[in-house]
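Please look at the sequence and the structure shown here before reading the report.

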Amino acid sequence: MSAYKDKDARINGIKDQIRVVPNFPKPGIMFQDITTLLLKPKEFKDTIDMFVERYKGKNISVVAGIEARGFIFGPPIALAIGAKFVPLRKPKKLPGKVISEEYILEYGRDCLEMHVGAVESAERALVVDDLIATGGTLCAAINLLERVGAEVVECACVIELPDLKGRERLNGKPLYVLVESH
Amino acid sequence: MHAAASLLNSSNLSLRFASQTQTRLSPWIAAPSSVRLPLNRSQNYRIALPPLHSTVSGDSTQPQQMASADVKAQDPRIAGISSAIRVIPDFPKPGIMFQDITTLLLDTKAFRDTIDLFVERYKDKNISVVAGIEARGFIFGPPIALAIGAKFVPMRKPKKLPGEVISEEYSLEYGKDVMEMHVGAVQAGERALIVDDLVATGGTLSAAIRLLERVGVHVVECACVIELPELKGRERLGEKPLFVLVS
């Protein structure tokens, strides 16, 4: 059962602002475009507020955001709950010493990196991205944080594509989303 | 540079890291042990000569080496922001002193102060658009947008935005790059801010200005955390004002 707040009055407004772009990046994919949500100050604020209400007071000291759209939602949440923001990036973007986690794509592999020293052992962390599809990227993010001894409390996304079963790929970590798209 | 020795005695001080392009203080002098460094102490931290002032076009850009008597008073939050920025030598290539803002993001007070300084400046200026440049502009732009009630518009590398886009080409040191914005994201007559973590040559910011102006938007100001003044980005922006916290 998805953990999303279908009874919250703000959810419909948020969902209505997400634009679906067919056949991007390739034929057959219905791309969930959050940039239209960002054009609506009230709905963008509601999105952040819903996450903040859930996580403030939970002793979360790290919000990790996945490049690049996780950089849009993660920092406002981090600032509001008093946590640090840690960007998780594609290879060779972070300038300092990094640890890397490889993960599988539909065709081929990719890699996610985090700065050494950004997160300390036993810190409680949230992982944020705009959307969860297969869960591969989120899984890599969880692994990175756990490798340095952090506790991943939850993964938080605006949108879930439940048919792709990403929720099952999260090493048992809970997932919280605002909107489901089938 | 005899001010250096006396500067070291003050508790909230710092000395500018020597850069390749302009000799400031040499050799690099470690921050006093009373300064808490958020990460590995062997890393190089950006240290700024106090009092550094936030700089806006129209002010004379004063030389950064000396804390001279007539330097403007600066907001007390600036020193903490500046000292939270880490300098990584030789990234992405030899000779470049990379200004790493990720350490600033680990300092919750300094990150909040950074956003507050921008929000205080822009909140009553009728700005309806904050455009942020991929990817580090995505970190600073949205919190500012949310606080001032503006929309956030991501300016992206090619082929990332899924809908119809307009593109603007710009020059790099070697070659060209392209910046894109969604059609319909902004309307003619809107007032916009452009946000990025750093301004170097000003090429990327100039492309962003052009993109917005092509659709009839008035770019009120460009806002960056850091400026590298020796690269003269401010001049490349022409008459567009630039506001930075640290230079």
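## Conventions

This is a predicted model, in which local features need pLDDT of at least 70 and side-chain atom pairs count only at pLDDT 80 or more, while totals for chains, interfaces and linings use all residues. Residues are numbered from 1 along each chain as its sequence is written, chains are lettered from A and ligands numbered from 1 in the order in which they are written, and side-chain values use heavy atoms, with hydrogens and water left out.

## Where the chains meet

In the contact between the two chains, 35 residues of chain A touch 35 residues of chain B, where contact means heavy atoms within 4.5 Å. The area buried between chain A and chain B is about 2,800 Å², and carbon and sulfur atoms give 72% of this area; buried area is the accessible area (1.4 Å probe) that two parts lose on being put together, summed over both. L39(A), L79(A) and P95(A) supply 22% of what chain A buries against chain B, more than any other three residues.

Between chain A and chain B, six residue pairs are in polar contact, with both residues at pLDDT 80 or more. A polar contact is a pair of N or O atoms within 3.5 Å; within protein, one must be able to donate a hydrogen and the other to accept it, and residues adjacent in sequence count only if both atoms are side-chain atoms. The elements that give two or more residues to the side of chain A that touches chain B include β1 (19-22), β2 (30-33) and α4 (70-81) of chain A, and α4(A) gives the largest share, five residues. Helices (H or I, at least four residues) and strands (E, at least two) are DSSP runs, numbered from the N terminus.

## Nonpolar cores

The largest nonpolar core has 70 residues, and V63(A), F73(A), V130(B) and F140(B) are those with the most contacts inside it. Such a core is a set of buried Ala, Val, Leu, Ile, Met, Phe, Trp, Tyr and Cys residues joined through side-chain atoms within 4.5 Å, and buried means under 20% relative accessible area, exposed over 50%, and partly exposed in between (1.4 Å probe, protein chains only). A second, separate core of 28 residues includes I66(A), V86(A), Y103(A) and L138(A).

Which residues of helix α1 (residues 9-16) of chain A are buried? They are R10(A), I11(A) and I14(A), and they lie on the same side of α1(A) because they cover an arc of only 105° around the axis; the arc is that of the directions from the helix axis to the C-beta atoms. An α-helix has 3.6 residues a turn, so residues three or four places apart point the same way.

On the other side of α1(A), A9(A), N12(A) and D16(A) are exposed. The cover over the buried residues of α1(A) includes α2 (35-38), α3 (41-55) and β9 (175-180) of chain A. At the start of α1(A), a side-chain oxygen of D8(A) comes within 2.8 Å of the backbone nitrogen of R10(A).

## Salt bridges

Over all chains, the whole structure holds 29 salt bridges, each a side-chain nitrogen of Lys or Arg within 4 Å of a carboxyl oxygen of Asp or Glu. One of them joins the side chains of K93(A) and E67(A) at 3.2 Å, N to O; K93(A) counts as partly exposed at 36% relative accessibility, whereas E67(A) counts as buried at 12%.

K84(A) forms another salt bridge with E123(A), with the closest N and O atoms 2.8 Å apart. This pair links distant parts of the chain, 39 residues apart, with K84(A) in strand β4 of chain A and E123(A) in the loop between β6 (109-115) and β7 (124-132) of chain A, and both K84(A) and E123(A) are buried.

## Two residues of chain B

E168(B) lies in strand β6 (residues 165-171) of chain B and counts as buried, at 10% relative accessibility. Its side chain makes a polar contact with the side chain of R210(B) at 2.5 Å.

R234(B) is found in helix α6 (residues 233-236) of chain B and is buried, with a relative accessible area of 14%. The side chain of R234(B) reaches the backbone oxygen of L242(B) at 3.1 Å.
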